[in-house]
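Subject: Structure handover

Hello,

Please find the structure below, with the sequence alongside. My notes on what was found in it follow.

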Amino acid sequence: MAKNTEYREVRGKMGLFGWVWRILLLLWQVAMIAWFVSATAAVAPMIEKGNDAQSAGAALGLGLGWMFILIFWAAGTVILGLFVLLTRRTRAMVPVGPGG
């Protein structure tokens, strides 16, 4: 006769460092979005109001700036994300019910 054991997932409490890393990751994302938007807003008038050469130069500079921001954003997210994963809550499957 097979056992009919039910399991329930039990999660532990998150520690202080877990909360700190999650908050830092969230603040990092907000800061990178703000940096991206402010860089775009600073260069947009140069693209619109300049002559052809100035607009092309500003667009090229904006593209290079976006690339730098995105690489920096991804690198910081990976580093902070690893710390978030390392400090996550513990999980365990606990048998409950008959046969457990």
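A residue is called buried when its relative accessible area is under 20%, exposed when it is over 50%, and partly exposed in between (1.4 Å probe, protein chains only). This is a predicted model, in which local features need pLDDT of at least 70 and side-chain atom pairs count only at pLDDT 80 or more, while totals for chains, interfaces and linings use all residues. Residues are numbered from 1 along each chain as its sequence is written, and side-chain values use heavy atoms, with hydrogens and water left out.

Salt bridges

Side chains of opposite charge can pair when their charged atoms come close. A salt bridge here is a side-chain nitrogen of Lys or Arg within 4 Å of a carboxyl oxygen of Asp or Glu. How many salt bridges does a search of the whole structure find? The search finds 2. In one, glutamate 9 pairs with arginine 11, and the closest N and O atoms are 3.8 Å apart. In the other, the side chain of glutamate 9 meets that of arginine 91, at 3.7 Å from N to O. This second pair links distant parts of the chain, since glutamate 9 is in strand β1 (residues 6–11) and arginine 91 is in strand β2 (residues 91–96), 82 residues apart. Strands (E, at least two residues) and helices (H or I, at least four) are DSSP runs, numbered from the N terminus. Through shared partners, the salt bridges join Glu9, Arg11 and Arg91 into one network. Glutamate 9 is partly exposed at 37%, and arginine 11 is partly exposed at 44%.

The two helices

Two packed helices are described by the angle between their axes and the distance between the axes. Helix α1 (residues 16–49) packs against helix α2 (residues 52–86) at an angle of about 180°, with the axes 10 Å apart. Axes are lines fitted to C-alpha atoms, for helices over the stretch in contact, and angles run from 0 to 180 degrees between N-to-C directions. By class, the contact of α1 with α2 has 24 nonpolar, 6 polar and 1 charged residues. Ala, Val, Leu, Ile, Met, Phe, Trp, Tyr, Cys and Pro count as nonpolar, Asp, Glu, Lys and Arg as charged, and the others, Gly among them, as polar.

Single residues

Tryptophan 35 lies in helix α1 and is partly exposed, at 30% relative accessible area. Leaving aside neighbours within four places in sequence, tryptophan 35 is in contact (heavy atoms within 4.5 Å) with Phe68, Ile69 and Phe72.

A polar atom of its side chain lies 3.3 Å from the backbone oxygen of glycine 50.

Methionine 14 is in the loop between β1 and α1 and is buried, at 16% relative accessibility. Methionine 14 and threonine 87 are 73 residues apart in sequence, and their C-alpha atoms are 7.7 Å apart in space.

Regards

Key
A polar contact is a pair of N or O atoms within 3.5 Å; within protein, one must be able to donate a hydrogen and the other to accept it, and residues adjacent in sequence count only if both atoms are side-chain atoms.
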